[in-house]
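User: Got a new model to go through. Let's start with the aromatic rings.

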Amino acid sequence: NFGYDLPAVEAAMKKHEAIEADISSYQERIQVVVELALEMESEGYQPCDPQIICNRVNHVQTCLEELEELAAKRRKELEDSRQLWTFFQEMEEAEAWIREKEKILAAKTCGRDLSSVLTLTTKHKTMLGELGNRRALLHQTMKKGEKILAKKSFSCVGVQEKMREVCLCWKKLEEVTGLHQQRLEDALNFFQFSAETDDLVAWLQDAYRIVSSDDFGHDDYSSQALLRKHRAVVEEVEKHRVAVMSLRKQLALLAPDHRQGVDVQIRVVEVEQLYGEVAEVAVLRTQWLQDALAVYRMFSEVHACEVWVDEKEQWLEKMEVPEELDEVEVVQHRFESLDQEMNSVMGRILDVNQVVQQLVDGGHPSSEEVRACQDHLNSRWNRVVELVETKKAQLSSVLKIQNFLLEC
């Protein structure tokens, strides 16, 4: 009886150890008897034939040796049995562990959002560590099985089959683990793609709110400031073009189950359309801001020209043409300087007219106001020109009279 499982083997081994302890105690008693018998033989003990004593001593020693051999043989067989049942127990534990992990993996989902997938991925990495530790233990148990098979003893029945069975279970577990890990990676890629897409949509919506603003400033300075800010936004919009254009490439890299979903494909189309709207409105706002800046600069130029016109108009209206020749010559020199100023102002007014025409042709919302401002400036300019021509004519008449008088 070498036991039918590990607890039975352990119990048999304890009994055997007790028998070995008895044998050890009898060894001492037999040794004392042998020594006494040898003393009798050496002293020439006569009541019994010394040979009989010798034979009995040899017989006792032979029996003891046979008993020790049997005990050693049984110990070895019990140890072999313990190794065998230890092997089977470890293999059953490994098999139970494998089945448990298979059930866990079969029941596991891949998460419903990025946070849950990351949590599951962390847990899966922990399980991979457990898998590595269990693989090392299983490898040691397999080595024990190989040693049992190498002994070719009676106790190796079923070892090969158990090793093959557990190896198949382990291979299946690794396949299931690999598939689950791949599903987690696919889910992680999908939710990361979704999160990045959501961030991109949020940025584009915020950008659309900025570029669709109806604030174009209230003067030259504020319009310039808004245009600088808008150009920075336009640069950011252009930088995001790469991210938007790469969405389809990223979508193609996702697992078929994820990339073939209608929702995710619609989402990509929506992002592309939203980006197109943002880019289009950004271009329009650039033009609107430039037009607003042109209007405010035109108003500023008109104001400067009108200040000059006011000053010259007042001077011309108040000016009286002198009758003395010396005074006429002074005024004439003044008009020569005025002609130079008028040429310069005339160039500025022509620029204003050109800007106004561009704004009107471009359909600027303030076209009527701009046109009215242009007409007012031109009418005032024409008034100054008429005054100048009138004053020049008067001076010319006075000058002719003076020259005639001098000749007379």
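**Aromatic pairs and burial**

User: Phe 88, buried or exposed?
Analyst: Phe 88 is buried, at 12% relative accessible area. Buried means under 20%, exposed over 50%, and partly exposed in between, with a 1.4 Å probe and protein chains only.

User: What kind of model is this?
Analyst: It's a predicted model: local features need pLDDT of at least 70, side-chain atom pairs count only at pLDDT 80 or more, and totals for chains, interfaces and linings use all residues. Residues are numbered from 1 along each chain as its sequence is written, and side-chain values use heavy atoms, leaving out hydrogens and water.

User: How many aromatic pairs are there?
Analyst: Six, counting Phe, Tyr and Trp rings (six-membered ring for Trp) with centres within 6.5 Å; planes under 30 degrees apart are stacked, over 60 edge-to-face, the rest tilted. One of them is Trp 85 with Phe 88, tilted at 5.6 Å centre to centre and 50° between the planes.

User: Where do those two sit?
Analyst: Both are in helix H2 (residues 50-107), three residues apart, about one turn. Helices here are DSSP runs of H or I, at least four residues, numbered from the N terminus. Trp 85 is partly exposed at 24%.

User: Which pair is stacked?
Analyst: Trp 97 and Trp 170 are, at 6.2 Å centre to centre and 20° between the planes. Trp 97 lies in helix H2 and Trp 170 in helix H4 (residues 159-211), so the pair ties together parts 73 residues apart in sequence. Both Trp 97 and Trp 170 are buried.

User: Switching topic, where's Thr 119?
Analyst: In helix H3 (residues 114-151), partly exposed at 39%.
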